Amino acid sequence: MGVFEDCAVQTEGGGHDLLLQCVADALDAAFEEQEGSLLSWLLVLCGGLVFFMQAGFAMLCAGCVRKKNVQNSMLKNLLDACGGAR
C-alpha cells in the first residue's frame with residue numbers, strides 16, 4: 001500500500017484535514033531519509049569536478065613551460081593533487 005492508502009486507513013472518519021496532515025508527515029519523513037543520500041552524491045560529484053579542474057590546470061601549466069620542464073611541472077601538479085586529497 002502507498003502513503004495515501006495507509007493514511008486513509010489510519011484516519012477513517014477523521015476528516016480531510018487529518019488525512020492531509022498524515023500524508024504531509026509521511027512525505028516529510030521520506031524526504032529526510034533521502035536527503036542524506038543526495039548530499040553524499042553531491043559531495044562525490046563536486047570532488048570529481050575538482051580533480052578534473054586540477055587536471056586542466058596541469059595541462060595549462062604544461063603548455064606554459066618549455067618542453068624540458070614539462071615533467072617537473074606535471075610532477076608538481078600531481079603532488080599538489082595528492083596533498084590536496086589528503
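User: Leaving aside its neighbours within four places in sequence, which residues is serine 73 in contact with?
Analyst: This is a predicted model, in which local features need pLDDT of at least 70, side-chain atom pairs count only at pLDDT 80 or more, and totals for chains, interfaces and linings use all residues. Residues are numbered from 1 along each chain as its sequence is written, and side-chain values use heavy atoms, with hydrogens and water left out. Contact means heavy atoms within 4.5 Å. Beyond its neighbours within four places in sequence, serine 73 is in contact with Cys61, Ala62 and Val65.

User: Is serine 73 buried or exposed?
Analyst: Serine 73 lies in helix H3, helices being DSSP runs (H or I, at least four residues) numbered from the N terminus. Buried means under 20% relative accessible area, exposed over 50%, and partly exposed in between, with a 1.4 Å probe and protein chains only. Because its relative accessible area is 12%, serine 73 is buried.

User: How are the axes of H2 and H3 oriented relative to each other?
Analyst: The axes of helix H2 (residues 16-64) and helix H3 (residues 70-85) come within 9 Å and cross at roughly 160°. Axes are lines fitted to C-alpha atoms, for helices over the stretch in contact, and angles run from 0 to 180 degrees between N-to-C directions. Angles under 35 degrees count as roughly parallel, over 145 as roughly antiparallel, 65 to 115 as roughly perpendicular and the rest as oblique. Therefore H2 and H3 are roughly antiparallel.

User: How do the residues of the contact of H2 with H3 divide into nonpolar, polar and charged?
Analyst: On the H2 side, the contact involves Phe51, Gln54, Phe57, Ala58, Met59, Cys61 and Ala62, and on the H3 side Val70, Ser73, Met74, Asn77, Asp80, Ala81 and Ala85. Ala, Val, Leu, Ile, Met, Phe, Trp, Tyr, Cys and Pro count as nonpolar, Asp, Glu, Lys and Arg as charged, and the others, Gly among them, as polar. The contact residues therefore comprise 10 nonpolar, 3 polar and 1 charged.

User: Is arginine 66 buried or exposed?
Analyst: Arginine 66 lies in the loop between H2 and H3. Since its relative accessibility is 59%, arginine 66 counts as exposed.

User: Which element of the chain has the lowest mean pLDDT?
Analyst: pLDDT is the predictor's confidence in each residue, from 0 to 100. The mean over the chain is 84, and 97% of its residues reach 70 or more. Among the elements, H3 has the highest mean pLDDT, 89, and the lowest, 69, belongs to helix H1 (residues 3-10).

Terms used:
Helix = DSSP H or I, 4+ residues; strand = E, 2+ residues; numbered from the N terminus.
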